[in-house]
Amino acid sequence: MGLSSPGSQQAARDYKLPLPVDAADEGSAYVFRADIPGVLRQDLRVQTKDNKLTISGKRERSSQPQDGSQQRLERTFGKFSRQLRLPEDADCNSIKAKVDNGVLTVTISKLEKLPGVEEVQVVF
């Protein structure tokens, strides 16, 4: 059929996928967005620890015909993980995550006041 090309089976292997993430300061919160098409809920983890956001998971390979009719495999699958350092005023106790049309959106509220920082009144 002529559909295969050198290295066309390369993408069919399980490997660590890159996870590009957009980050934005939207005033009262930080918002992170990542494309995760084909990732199931049970295969996705969003965590914070030590003021870092970690997004990890895996994309499983879909079933393939066993009759040898598959000529080209270019879609990627495998594990992914991305860790981002959060700003000091990120409230790691106030996080929302949702997936809509294959896009993960993580929203982290900002603290109104940094912990351990007290404002000192200056007298003139």
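Analyst: Let's start with a term we will need: a salt bridge is a side-chain nitrogen of Lys or Arg within 4 Å of a carboxyl oxygen of Asp or Glu. Keep in mind that this is a predicted model.

User: Thanks! How many salt bridges does a search of the whole structure find?

Analyst: The search finds 3. In one of them, the side chains of Arg33 and Glu26 meet, with 3.6 Å from N to O. Lys58 and Glu60 form another, and their closest N and O atoms are 3.2 Å apart. Asp25 and Lys110 also meet through their side chains, at 2.7 Å from N to O. That pair ties together parts that are 85 residues apart in sequence, because Asp25 lies in strand 1 (residues 22-25) and Lys110 in strand 7.

User: Let me step back. What secondary structure does the chain have?

Analyst: The count is 0 helices and 7 strands. Following the sequence, you read the pattern β-β-β-β-β-β-β.

User: Which strands form an open sheet, and in what order?

Analyst: To read a sheet, list the strands by who pairs with whom. In this model, 3 strands form an open sheet in the order 3-4-5, with antiparallel pairing. Strand 3 (44-49) and strand 5 are the edge strands, each pairing on one side only. On average, neighbouring strands of this sheet are turned by 15 degrees against each other, direction ignored. Strands 4 and 5 pair in the antiparallel sense over 8 bridges.

User: Could you show me one bridge? What is the bridge partner of Ser56 in strand 5?

Analyst: The partner is Ser81. Ser56 itself lies in strand 4 (residues 52-59).

User: Is Ser56 buried or exposed?

Analyst: Ser56 is buried, because its relative accessible area is 16%, and buried means under 20%. Leaving out residues up to four places away in sequence, Ser56 touches Asp43, Leu44, Arg45, Phe80 and Ser81.

User: Leu44 is in that list. Where is Leu44 found, and what is it in contact with?

Analyst: Leu44 is found in strand 3. Its relative accessible area is 18%, so Leu44 is buried. Beyond its neighbours within four places in sequence, Leu44 is in contact with Ile36, Val39, Ile55, Ser56, Gly57, Phe80, Val99 and Leu104. For Leu44 and Ile55, which are 11 residues apart along the chain, the C-alpha atoms are separated by 7.5 Å.

User: And how should I think about a nonpolar core?

Analyst: The general idea is that in soluble globular proteins, nonpolar side chains tend to be buried together. Here, the largest nonpolar core has 18 residues, and Phe32, Leu53 and Phe80 are those with the most contacts inside it. Strand 2 (29-35), strand 4, strand 5 (78-85) and strand 7 each supply at least two residues of this core.

User: Which residues does Phe32 touch?

Analyst: Not counting residues up to four places away in sequence, its contacts include Val21, Ala23, Leu53, Leu84, Leu86, Leu104, Val106 and Ile108. Asp22 and Thr105 are also touched by Phe32.

User: Now a hairpin, please. Which strands form one, with how many residues between them?

Analyst: Strand 6 and strand 7 form a hairpin with 2 residues between them. In the turn, Asn101 has a positive phi of about 55 degrees. Strand 6 (residues 90-100) and strand 7 (residues 103-110) pair in the antiparallel sense over 7 bridges. Asp100 has Val103 in strand 7 as its bridge partner.

User: Finally, how much of the whole chain counts as buried?

Analyst: Of the 124 residues, 28% count as buried. The chain exposes about 9,300 Å², and carbon and sulfur atoms supply 47% of that. For contacts between residues at least 6 apart in sequence, 60% join residues at least 24 apart.

Technical notes. Residues are numbered from 1 along each chain as its sequence is written. This is a predicted model: local features need pLDDT of at least 70, side-chain atom pairs count only at pLDDT 80 or more; totals for chains, interfaces and linings use all residues. Side-chain values use heavy atoms; hydrogens and water are left out. Two strands pair if DSSP finds at least two bridges between them. Helices (H or I, at least four residues) and strands (E, at least two) are DSSP runs, numbered from the N terminus. Buried means under 20% relative accessible area, exposed over 50%, partly exposed in between (1.4 Å probe, protein chains only). Contact means heavy atoms within 4.5 Å. A nonpolar core is a set of buried Ala, Val, Leu, Ile, Met, Phe, Trp, Tyr and Cys residues joined through side-chain atoms within 4.5 Å. Axes are lines fitted to C-alpha atoms, for helices over the stretch in contact, and angles run from 0 to 180 degrees between N-to-C directions. Accessible areas come from the Shrake-Rupley method with a 1.4 Å probe; for residues, only the protein chains shown count as cover.
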